[in-house]
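I opened the model to look up a few features and kept notes as I went. The entries follow in the order in which I made them.

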Amino acid sequence: MIKFSVNFRINMRYILICALLLCNLYHCNISLAADNAEILRRKYVSLMPQLNSNQFRHALYLDSTESSSAITGDIYALINHSFDSINSTLNDSAKGPANWCDVMILHPNTKYCHASTGTDGKKLSVIVGKKMQQSLSNAYRMGFNYQVVATNSEYFRIYINADSGPLGTKDYCIVLEAVAIDAKHSFLHFTYSFGYGTLFRVMIKTYLATIGRNKVGFTSNGLQSNGQPDYVGGIRGMVERNTMRYYLALDTYLNALSLPADKRLEKCLSSWFSATEQYARQLHELEQQEYIQMKYQEYQRQQIAQ
């Protein structure tokens, strides 16, 4: 008869405990995904009137909330992509983080993005700056954590967060969840939020009183005396613009996946710019050639750095 040592029995007990914990976490993850999928489907049904008739001319609904120390933008959208294609692109354990960098670099303020995996999980190293040519040394570096919170065969939820950002901002959070609607359509919920303190409030007040005084968001508070929509401004308008920019980057990237890899960047840049020009009142910042040239240079710089 083989005799097991005390240490071996202890180690086996430890392994079994770990296995049970992992199993419980797995089932918790699946259960959470099933519950969230049902919640998101109910949201889709409740938003059908807004998705069918809105200012965006797409099946899209945008909302935002503002408090004294935080701001959040939410977009819900029905898109013409199967859940499997979205899931394999953005929720893939190996390629997902890198694909997110290809999405984020389309935003004019993103100057660099690199995905990595270490002992502390998956990371996105992002550098943000101005909507113009800018050296990386003069821009702000942010470290995002990438985590798949819940997933199953018809739903996923991805959480990307950073503790701090420029001008004393903090608690950056990007969340994407998606659920299958039918074989060709999926329903997305995209959230972009961050917190802020005194420094940001002072700086943004100066910005909004000068070069940003005419910038607005998408939510209308009614009509002005001239009959035009009275769009929200301030910090709320700013988060609505950025939420839309990120959503359009996601949609643009997904639309380009059918092309060969070496053709996608060109398609993404031209399509993202065209998409934003549909909402020029809110999103126009650069001329097309200026934007495309800037992004080509940033993408090449990113490839060389990596």
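**Entry 1: a surface patch**

Which residues form a nonpolar patch on the surface, and with how much accessible area together? I found Leu 167, Leu 199 and Met 203 in it, with about 270 Å² of accessible area together. A patch takes residues with over 30% relative accessible area and no salt bridge, joining like charges within 9 Å and nonpolar side chains (Val, Leu, Ile, Met, Phe, Trp, Tyr) within 5 Å. A salt bridge is a side-chain nitrogen of Lys or Arg within 4 Å of a carboxyl oxygen of Asp or Glu. Areas are by the Shrake-Rupley method with a 1.4 Å probe, and for residues only the protein chains shown count as cover.

I note the basis here: this is a predicted model, in which local features need pLDDT of at least 70 and side-chain atom pairs count only at pLDDT 80 or more, while totals for chains, interfaces and linings use all residues. Residues are numbered from 1 along each chain as its sequence is written, and side-chain values use heavy atoms, with hydrogens and water left out.

I placed Met 203 in helix 5, residues 198-209. Helices (H or I, at least four residues) and strands (E, at least two) are DSSP runs, numbered from the N terminus. Met 203 has a relative accessible area of 40% and is therefore partly exposed. The classes are buried under 20% relative accessible area, exposed over 50% and partly exposed in between, with a 1.4 Å probe and protein chains only.

**Entry 2: strand 7 and its partners**

I went from Leu 167 to the hairpin of strand 6 and strand 7, where five residues lie between the strands and Leu 167 takes a positive phi near 60°. Strand 6 (residues 155-164) runs antiparallel to strand 7, and nine bridges join them. Two strands pair if DSSP finds at least two bridges between them.

The hairpin from strand 7 to strand 8 passes through five residues.

Why is strand 7 largely enclosed by the rest of the structure? Strand 7 spans residues 170-180, and nine of its eleven residues are buried, so the rest of the structure largely encloses it.

I also looked at Thr 169, in the loop between strand 6 and strand 7. Thr 169 is buried, at a relative accessible area of 3%. Beyond the neighbours within four places in sequence, its contacts (heavy atoms within 4.5 Å) are Ser 164, Phe 194, Gly 195, Tyr 196 and Phe 200.

**Entry 3: the cores**

I asked which residues have the most contacts inside the largest nonpolar core. They are Trp 100, Phe 194, Met 244, Tyr 247 and Tyr 291, in a core of 63 residues. Helix 6 (residues 234-255) gives the most to this core, with eleven residues. Another core lies apart from it and has eleven residues, including Ala 37, Ala 150, Tyr 155 and Val 179. A nonpolar core is a set of buried Ala, Val, Leu, Ile, Met, Phe, Trp, Tyr and Cys residues joined through side-chain atoms within 4.5 Å.

Not counting residues up to four places away in sequence, Trp 100 touches Leu 90, Leu 124, Tyr 146, Ile 158, Ile 160, Ile 174, Leu 176 and Leu 250.

I found Leu 269 in helix 7, buried at 1% relative accessibility. With neighbours up to four places away left out, Leu 269 touches Leu 106, Tyr 291, Ile 292, Lys 295 and Tyr 296. Its C-alpha atom is 9.6 Å from that of Gln 293, 24 residues apart along the chain.

I then turned to Leu 51 in helix 2, residues 48-52. Leu 51 counts as buried, at 5% relative accessibility. Leu 51 and Tyr 61 are ten residues apart in sequence, with 6.1 Å between their C-alpha atoms.

**Entry 4: the whole chain**

The chain exposes about 16,300 Å², of which carbon and sulfur atoms supply 55%.
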